[in-house]
Amino acid sequence: MHFDDTSGEPLFRQVANQLNEAIIAGIYKEGEQVPSTTEISTAYRINPATVLKGMNLLVDRGLLEKRRGIGMFVAAGARRRAGDDRRDEFLSVEVARFVAEAKRLGIGADELKAIIERGYAS
Amino acid sequence: MTLAIRDLTKTFRKGGAPALDHVNLTLKPGIHGLFGRNGAGKSTLLGVIANRLLPTSGVVELDGADVRDNEDAQGRITLVNETLPFMAAVRTTAILKREERYYGGLDWAFAVRMLTAFGVEPGTAYSQLSLGQRQIVRLAAALSVPVDVLLLDEPVNGLDAANRERFYRFLLESYGERPRIIVVSTHIIDEVAQVVERAVILDKGRIVDAFDADSVASRATVLVGDGSRIRAFVEADGLQVIADERIGRLASVTVRGPVPMRDIPEGVVASGLGLQDYFIRVTGVTGVDGDAAVDPINRDAAGGAIGGAGDAAVAPDPADAVAESERRSS
């Protein structure tokens with residue numbers, strides 16, 4: 001995991017995104033326990049409240065489950081949903097930003113399309 | 001567990017500028033970063049909380065009880081600062097035992113593990129330790145005693161980069177095991193930006209801002225682009241200017257608070273600030289007037305008018321301590 005406090009992305013979101021990626025990659029499998037807030041906090045030197053806030057985002061999205069007194073576990077079906085979430089985010093946020101930047105630079109839709117198609121072909 | 005600082009003022013010299021000027025602050029369990037420039041009053045504030053300095057007026061309360069000359073309360077508060085007690089001939093273990101007696105307990109497993117991690121043999125005589133190692137002994141003791149309020153005044157002074165990183169890990173581990181009120185004052189803000197939960201900024205004896213550290217990006221927005229375009233935007237939206245730097249026509253203007261993306265004029269790039277950069281802009285001397293005055297190229301083009309926006313930004317607002325500090329520093 002890598003955290004950057006100058007990226008503009010709030011740190012708790014970075015924590016959530018990194019855990020999301022780890023679930024997609026199958027590093028933490030469904031039904032398995034993820035590291036505790038204290039473990040993540042000390043390993044990456046991040047305040048535990050921030051770590052918990054990030055984890056709670058994934059709890060709200062149904063990717064992690066709290067088990068009282070034990071810790072956090074990857075929920076059933078989480079890997080697929082984490083992938084879907086990431087896909088939605090890419091399509092709704094990143095592509096929109098990409099197109100806006102292309103417009104700003106005066107790159108037309110056809111030109112952009114050609115570049116994308118070339119990228120797929122290679 | 002609440003530490004309440006109420007209307008605290010400390011003046012060292014009669015008629016002199018106060019080191020602390022009507023400070024109000026309430027601390028709950030969490031790791032709090034206390035930031036301020038040299039002489040801002042950080043050490044004085046921590047010294048008063050730990051009963052090493054007497055306030056001129058105001059009160060510090062731990063769970064409702066005044067901490068001043070209060071042995072019960074002081075047994076729940078510990079301070080590590082630059083004053084090194086004279087104990088050259090004493091062994092490290094004897095220092096830990098003394099702290100154990102005073103505070104009524106000590107987590108020996110944690111203390112020994114921490115000392116060992118830093119390469120300090122627990123049985124070593126204090127006099128044989130380097131300056132940095134002595135600091136480690138004091139920090140290990142402070143993290144291991146069962147206090148509710150842990151005050152660390154520049155804890156990483158004298159520690160190398162690898163040891164500073166190691167210290168932050170032990171600090172977070174200790175906090176994770178036993179949440180309590182921890183205050184860390186430091187000048188190396190970048191290093192603790194992710195470690196602290198709350199940030200408190202002290203300037204000239206006053207608290208100019210206190211906020212959740214992970215929300216720092218929304219405390220201020222830097223607008224970079226054409227000076228006159230930014231000026232018009234700042235004026236139209238009534239934004240409060242904190243800092244204003246210019247290289248010719250290119251301006252970098254910092255305004256208070258978040259600015260909605262859709263409001264940003266075309267050709268202007270907006271971004272948030274990290275904790276250290278925000279701190280520098282809030283407490284730095286680069287005021288609006290100062291920069292306008294030293295800009296020889298753009299003085300006529302934009303300088304005067306941006307100065308006008310600056311005046312609006314520092315208009316009196318008693319509810320806003322930052323505006324107050326801006327006015328005093330400009």
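Start by selecting Arg45(A) and Glu165(B): the two form a salt bridge, with their closest N and O atoms 3.3 Å apart. A salt bridge here is a side-chain nitrogen of Lys or Arg within 4 Å of a carboxyl oxygen of Asp or Glu. The model is predicted, so local features need pLDDT of at least 70 and side-chain atom pairs count only at pLDDT 80 or more, while totals for chains, interfaces and linings use all residues; side-chain values use heavy atoms, without hydrogens and water. Residues are numbered from 1 along each chain as its sequence is written, and chains are lettered from A and ligands numbered from 1 in the order in which they are written.

**Stop 1: chain A against chain B**

Across this interface the rule finds two salt bridges and six residue pairs in polar contact, both residues at pLDDT 80 or more. A polar contact is a pair of N or O atoms within 3.5 Å; within protein, one must be able to donate a hydrogen and the other to accept it, and residues adjacent in sequence count only if both atoms are side-chain atoms.

Helices are DSSP runs (H or I, at least four residues), numbered from the N terminus.

**Stop 2**

Colour residues 11–76 as domain 1 and 79–121 as domain 2 of chain A. These bounds come from an automatic or database domain assignment. The contact takes 11 residues from domain 1 and seven residues from domain 2. The C-alpha centres of the two domains lie 28 Å apart, and the domains bury about 770 Å² between them.

Zoom in on Arg86(A) and Glu21(A), which form a salt bridge with the closest N and O atoms 3.0 Å apart. The count between the domains is two salt bridges.

**Stop 2: a record to compare**

Finally, select residues 9–77 of chain A, which UniProt lists as "domain: HTH gntR-type" in an unreviewed entry. That span is 51% helix and 12% strand.

How values were computed
Contact = heavy atoms within 4.5 Å. Buried area = accessible area lost by both parts, 1.4 Å probe. UniProt positions renumbered as here; feature names shortened; annotations may be inferred. Helix = DSSP H or I, 4+ residues; strand = E, 2+ residues; numbered from the N terminus.
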